[in-house]
Amino acid sequence: MRESKRIMTNQSQIITLLTDFGLSDTYVGAMKGVILSAAPHVRIVDLTHEVPAQGVLQGAFLLQTAWRSFPAGTIHVAIVDPGVGGARRRLALRCEGQVFIGPDNGVLSGALPDEVRGYRAAGESYVVHQARLPDSIEAVTIDAGLFSTPSATFEGRDVFAPAAALLTNGKPLEELGTRIDAINAFPAFKAPARGEDALDGVILHSDRFGNLITDIRAADLTSLPVVIVADKRVTLARTYEEAAGLTAIVGSSGFVEIALPNGSAAQALGLGPGDTVRVEG
Amino acid sequence: MRESKRIMTNQSQIITLLTDFGLSDTYVGAMKGVILSAAPHVRIVDLTHEVPAQGVLQGAFLLQTAWRSFPAGTIHVAIVDPGVGGARRRLALRCEGQVFIGPDNGVLSGALPDEVRGYRAAGESYVVHQARLPDSIEAVTIDAGLFSTPSATFEGRDVFAPAAALLTNGKPLEELGTRIDAINAFPAFKAPARGEDALDGVILHSDRFGNLITDIRAADLTSLPVVIVADKRVTLARTYEEAAGLTAIVGSSGFVEIALPNGSAAQALGLGPGDTVRVEG
Amino acid sequence: MRESKRIMTNQSQIITLLTDFGLSDTYVGAMKGVILSAAPHVRIVDLTHEVPAQGVLQGAFLLQTAWRSFPAGTIHVAIVDPGVGGARRRLALRCEGQVFIGPDNGVLSGALPDEVRGYRAAGESYVVHQARLPDSIEAVTIDAGLFSTPSATFEGRDVFAPAAALLTNGKPLEELGTRIDAINAFPAFKAPARGEDALDGVILHSDRFGNLITDIRAADLTSLPVVIVADKRVTLARTYEEAAGLTAIVGSSGFVEIALPNGSAAQALGLGPGDTVRVEG
């Protein structure tokens with residue numbers, strides 16, 4: 001029954017925003033005004049607006065780190081959109097009980113299960129490809145014609161925010177546009193094997209503390225406990241407090257981070273997103 | 001009837017905040033505490049707190065770009081206030097169904113119609129002048145005596161936030177202070193003619209992406225399609241994606257912006273607010 | 001009666017957040033998701049997330065400047081926590097009708113009365129010590145076992161946010177863990193006497209405007225009106241507007257600030273937190 005897929009309209013309905021708009025302009029404020037004009041009782045939560053400008057891959061990563069902390073029915077609007085106003089599709093998709101809205105450039109991959117995204121091979125970098133969606137993930141392209149004269153430069157305000165508001169007012173996802181069964185996605189964030197006993201990781205993100213977050217996962221460290229970054233072998237620790245000097249630690253999203261207690265690993269090493277890390281047996 | 005002018009007290013009442021307070025201190029948080037203490041059900045939305053320190057003109061511009069995205073009855077508190085604690089007046093004004101609160105130094109001009117603000121002449125810069133208000137715009141000076149012992153350095157917390165809260169609790173605007181019929185305003189953001197077929201624009205704002213937003217309007221480009229900035233002629237594009245190299249584009253607020261796709265026009269040109277731009281036939 | 005100490009569960013319940021997490025990651029967003037998952041009607045207010053990384057003392061100062069602007073029953077979650085995942089205790093305390101949650105490293109001292117914190121002596125810097133709590137302040141250590149498998153690196157999301165949510169759902173503070181009667185605290189922010197007619201102040205914080213906020217209090221200036229910073233005597237003013245050049249002024253939290261109108265005192269003097277200031281008779 002279609003009704004069962006509606007998101008309930010109530011005061012605890014949440015819309016989150018993740019963008020590269022920054023906070024020094026009123027872009028984010030204007031989106032919130034549009035949402036609250038159409039859906040006055042919605043709760044709006046900022047995930048972050050400091051995704052590096054046009055950093056689609058990092059947007060996908062940051063979305064992935066946060067959305068599972070929200071309750072079922074939350075709508076996440078993720079906009080890192082160098083192609084705004086152009087021909088790229090606009091998406092809305094429902095996955096594990098939450099909804100994701102944004103351009104079809106890979107930024108929404110943070111919502112997808114690993115097996116849907118597929119995996120990168122050693123030596124490859126993260127590049128979007130068409131990922132076929134299973135039946136459990138419902139996706140549509142958003143029909144911009146639903147909204148009056150979107151500007152060519154600010155679809156966050158003119159298309160994506162109103163689309164989210166429509167859903168909170170009870171419009172079924174399927175009525176936002178045309179059903180599709182594949183979207184652009186980055187491979188799963190997971191370091192591939194390099195030979196028999198090494199993984200070929202990359203740095204996905206440098207956080208506020210200068211921690212370098214890699215695509216190597218906690219489980220990988222069990223058999224491959226030697227972490228090498230910038231030709232340095234770094235020791236493992238369980239907490240930042242235990243760490244002495246440059247350290248590898250399993251961060252809050254389950255990925256291995258390179259940290260420097262009371263300092264910035266990013267600065268000390270001169271490394272950032274895209275640089276490589278290796279773990280060995 | 002006076003009652004009809006009251007703002008309705010309900011859970012979807014919105015107060016927005018626009019300041020130059022930044023987010024590294026607790027100034028904004030303290031204002032929110034004061035508002036929620038007096039008006040627990042109000043929704044508070046940040047427009048931006050990163051107006052350049054004491055950038056009254058940019059505050060007015062940023063206010064202008066955002067307030068129309070909000071529903072009728074919204075109260076906008078705009079504080080960029082180098083004269084805090086001094087003799088300048090404090091204003092509350094109702095304009096097109098929304099309310100604006102802030103110091104009388106021009107920051108609220110972003111709320112006023114162009115014809116009320118008047119226009120700058122070619123070669124002049126943006127300087128405040130007394131703008132006479134039409135009957136359709138109701139304005140009062142806020143009587144600081146309504147509030148207990150305001151500090152001399154933080155009227156945002158001690159006067160402006162409580163004034164906004166009073167309105168949401170049903171106090172009529174007229175009872176905040178004394179009715180006035182003129183306020184300080186910057187001229188309308190509109191490039192004046194320089195000779196017969198050129199406009200004399202200025203850069204109002206540099207956004208997070210390094211886009212230089214000018215006071216030249218979309219309509220001006222129809223007859224005067226040649227955009228010259230830093231002695232360079234820049235091509236026109238409809239979207240950022242179409243752009244190749246330095247480009248003029250109509251931004252989301254209807255003003256012409258100078259953009260550099262995958263880069264910062266502000267950095268590439270070394271230009272910012274106050275610098276000039278010209279369009280010609 | 002224990003019931004009387006419960007925080008009322010209602011839609012105007014407020015949780016504030018003060019952290020050093022910054023806004024470029026999703027750490028803050030994830031905390032909000034956790035809170036809203038458990039307590040959908042809570043209002044969440046950011047005090048600031050730009051406490052300098054691991055700046056526990058500045059976190060305590062910033063907390064102190066803001067919490068009294070909030071209504072009774074507010075819960076403040078303050079997390080600046082270099083020892084996350086380690087052996088330091090986690091605290092919840094009720095003080096003057098509000099609740100404070102965070103690590104036991106001094107960051108919560110901003111909530112305590114001066115006499116509980118004690119005072120530093122001339123020449124000493126701010127270092128935490130065990131402060132005995134009076135009966136009027138109820139404190140417990142939070143039992144992390146209440147929550148499922150906290151990560152070793154993000155207790156903000158996994159322990160502190162859920163603890164705050166539990167309280168808003170009616171759990172009594174005492175049931176979060178074990179009652180204690182002393183916590184780590186910084187001395188009260190109050191410049192000590194150096195000899196008979198001088199005070200030995202330090203800079204606690206540099207705000208967005210470059211104002212240097214000291215631990216010298218308004219009342220101290222009555223008998224000791226000569227303010228000396230970086231070997232310069234600075235004049236006093238009541239408002240920023242009155243000030244001409246480097247000036248001492250009583251800021252919005254009651255502390256003396258060194259300000260430079262239309263400029264940054266911090267930059268002009270090359271000074272910041274920890275540097276000294278003197279007032280003399």
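1. Let's start where chain A meets chain C: one salt bridge is counted between the two chains. The partners are A:Arg208 and C:Glu50, with the closest N and O atoms 3.5 Å apart. Please keep in mind that this is a predicted model.

2. On the chain A side, β2 (43-48), α2 (56-66), β10 (198-206) and β14 (247-250) each give two or more residues. The most come from β2(A), with five residues. By type, the chain A side divides into 13 nonpolar, 12 polar and seven charged residues.

3. As for extent, chain A brings 32 residues to the contact and chain C brings 38 residues. The area buried between them is about 2,600 Å², and carbon and sulfur atoms give 52% of that.

4. Now to the aromatic rings, where the whole structure holds 21 aromatic pairs over all chains. A:Trp67 and A:Phe100 make an edge-to-face pair, 5.0 Å centre to centre with 85 degrees between the planes. This pair joins distant parts of the chain, 33 residues apart: A:Trp67 lies in the loop between α2 and β3 (75-79), and A:Phe100 in strand β5 (residues 98-103). Both A:Trp67 and A:Phe100 are buried.

5. Chain B has an edge-to-face pair of B:Trp67 and B:Phe100, again at 5.0 Å and 85 degrees. Why do both count as buried? The cut-off is under 20% relative accessible area; B:Trp67 has 1% and B:Phe100 has 0%.

6. Finally, do look at the aromatic cluster formed by A:Phe61, A:Tyr126, A:Phe189 and A:Phe255.

Technical notes. Residues numbered from 1 in each chain as written. Chains lettered and ligands numbered in written order. Predicted model: local features only at pLDDT ≥ 70, side-chain atom pairs only at ≥ 80, totals over all residues. Heavy atoms only, no water. Contact = heavy atoms within 4.5 Å. Buried area = accessible area lost by both parts, 1.4 Å probe. Salt bridge = Lys/Arg side-chain N within 4 Å of Asp/Glu carboxyl O. Helix = DSSP H or I, 4+ residues; strand = E, 2+ residues; numbered from the N terminus. Nonpolar A, V, L, I, M, F, W, Y, C, P; charged D, E, K, R; others polar. Phe/Tyr/Trp six-rings, centres within 6.5 Å; stacked < 30°, edge-to-face > 60°. Buried < 20%, exposed > 50% of the residue type's maximum accessible area, 1.4 Å probe, protein only.
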